[in-house]
Amino acid sequence: MKKRNVITAIDVGTTKICTIIADISDDSGPRVVGVGISPSKGLHKGLVVNINEARESIRDSVRKAERTSNFKVESAYVGVTGRHVTSMNNRGVVSITRNDRVVRPDDLKRVLSAAQSIKTADDRRLLHVIPRGYAVDGQEGVKNPVGMHGFRLDVETHVITAAVTSIQNLVKCIRSLGMDIEDLVLEPLASSEAILTEDEKQVGVVMADIGGGTTDVAVFRDGSIYHTSILPVAGYQLTRDVAIGLGLPFEIAEEMKKKYGSVMPVYEGKSDDTPQPVVSKDGHGVSYQDLCDIIRARVEEIMKLILLEMPSSDYEALIPAGLVLTGGSSNLSGIAAMGRDILHIPVRVGTPSDLNGIADVLRDPAYATSVGLLLWGSKYEGKKQWKTGAFTGALTRLATQFRKLFQ
Ligand SMILES: Nc1ncnc2c1ncn2[C@@H]1O[C@H](COP(=O)(O)OP(=O)(O)OP(=O)(O)O)[C@@H](O)[C@H]1O
Ligand SMILES: [Mg+2]
């Protein structure tokens with residue numbers, strides 16, 4: 001197997017680091033040859049807050065994946081998240097001035113370039129500029145305008161920007177371990193790649209990855225990304241609520257939450273239905289009902305926050321396919337039913353599944369971002385968007401978007 005046929009994804013999460021090495025030489029999709037999962041240190045709400053600790057956690061995860069695969073990781077697709085990420089939709093327009101008025105690939109470059117000419121503050125840079133659709137002479141909904149005739153070409157794009165300093169800390173960790181960054185990918189885009197169907201994206205859907213430190217939200221419409229946002233509340237707050245509410249040490253609260261936590265209404269009525277207290281490994285006992293009440297209140301809040309992030313209050317029209325939950329916290333039993341009850345839209349839990357090789361451990365919602373990064377990488381391999389020392393230059397990114405169009 002040639003080396004260039006192997007790619008690596010590193011998901012630097014708030015609670016775990018997951019490295020996946022996969023062989024992409026086969027057309028049937030990536031075949032996982034190495035996985036390394038390590039607890040994460042030095043991160044808070046998706047951001048590196050202690051470079052040394054974060055670097056050691058990343059090193060540990062990468063080494064594990066290298067050992068199982070027998071490959072050395074030289075570069076990787078890496079996820080980006082955090083409150084510092086912002087997104088907006090923007091338009092670009094150019095005129096087609098050649099005599100034949102035929103739209104050429106060159107015009108796509110120019111119009112995407114026009115859509116990028118937005119003012120960003122010095123401390124922010126473009127992370128992604130994704131074309132959502134084109135219009136030729138005002139005719140909207142064109143997916144690929146090359147070859148069409150017209151005087152005017154418009155593009156609608158989804159633009160994502162991020163804070164330079166936050167990204168630099170992550171990049172520093174990876175590079176100090178001797179690895180290069182193949183591409184930086186916004187985590188909700190990666191998770192969506194792993195769990196949403198093309199139909200859902202076409203009809204309109206919201207994906208929410210409820211992880212440890214952040215809830216990453218992505219809205220898709222007409223087959224393209226429409227809105228992204230990152231909420232700074234997720235599983236960590238659930239555990240903290242349990243710890244404070246029931247007077248438990250954090251680790252015990254985490255154990256209780258994962259082992260017994262549920263968002264289903266516990267019981268109503270008869271005393272012989274009353275659930276027994278639940279007990280942790282080291283003998284802490286708490287009321288099952290109290291545990292679930294606390295968790296349910298916070299999950300309800302998170303679900304409402306997800307809908308508040310919608311770019312339109314008429315969310316039933318915006319997202320007929322409903323809400324797809326993923327991330328480690330979507331393992332809470334009853335979460336989809338609860339979502340349907342309080343939001344009155346379809347809700348399902350998405351688990352990454354379409355992987356070959358040694359991928360069993362990855363069939364858990366907690367690995368949606370990790371698997372999504374890998375799928376993103378296998379799709380866009382060799383089309384590096386990100387350059388050392390700075391964010392991608394507009395032209396590099398344009399070239400990438402341009403190549404994507406012709407895949
Ligand atoms: N069975 C379970 N029930 C409830 N919560 C769970 C369960 N399994 C995992 N979790 C929670 O999921 C969270 C971790 O999820 P995940 O691995 O997706 O986060 P992360 O990627 O490390 O963090 P982030 O993406 O927010 O930076 C933790 O808060 C953990 O307590
Ligand atoms: Mg995550």
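Colleague: How far is the sulfur of cysteine 18 from the closest cysteine sulfur?
Modeller: A disulfide is counted when two cysteine sulfur atoms lie within 2.5 Å. The closest sulfur to that of cysteine 18 belongs to cysteine 173. It is too far for a bond, at 17 Å.

Colleague: What pLDDT do local features need?
Modeller: Residues are numbered from 1 along each chain as its sequence is written, chains are lettered from A and ligands numbered from 1 in written order, and side-chain values use heavy atoms, leaving out hydrogens and water. This is a predicted model: totals for chains, interfaces and linings use all residues, side-chain atom pairs count only at pLDDT 80 or more, and local features need pLDDT of at least 70.

Colleague: How many disulfides does the structure hold?
Modeller: A disulfide is a covalent bond between the sulfur atoms of two cysteines. The structure's disulfide count is zero.

Colleague: Is cysteine 292 buried or exposed?
Modeller: Buried means under 20% relative accessible area, exposed over 50%, and partly exposed in between (1.4 Å probe, protein chains only). Cysteine 18 has 0% relative accessibility and counts as buried. Cysteine 292 also has 0%, so it is buried.

Colleague: What is the radius of gyration of the chain?
Modeller: The chain has twelve helices and 19 strands; these are DSSP runs numbered from the N terminus (helices: H or I, at least four residues; strands: E, at least two). The globule rule, 2.2 Å times the number of residues to the power 0.38, is compared with a radius over C-alpha atoms. For 407 residues the rule gives 22 Å, so the chain is as compact as a globular protein of that length, with a radius of gyration of 22 Å.

Colleague: What share of the residues of the chain counts as buried?
Modeller: The C-alpha trace spans about 85 × 50 × 45 Å along its principal axes. Of the 407 residues, the buried share is 54%.

Colleague: Where is arginine 101?
Modeller: Most residues other than glycine have a negative phi. Arginine 101 has a positive phi of about 55°. Arginine 101 is partly exposed, at 28% relative accessible area. Its place is the loop between β7 (86-95) and α2 (105-116).

Colleague: Is histidine 344 buried or exposed?
Modeller: Histidine 344 has a positive phi too, near 60°. Histidine 344 sits in the loop between α10 (335-343) and β18 (347-349). At 62% relative accessibility, histidine 344 is exposed.
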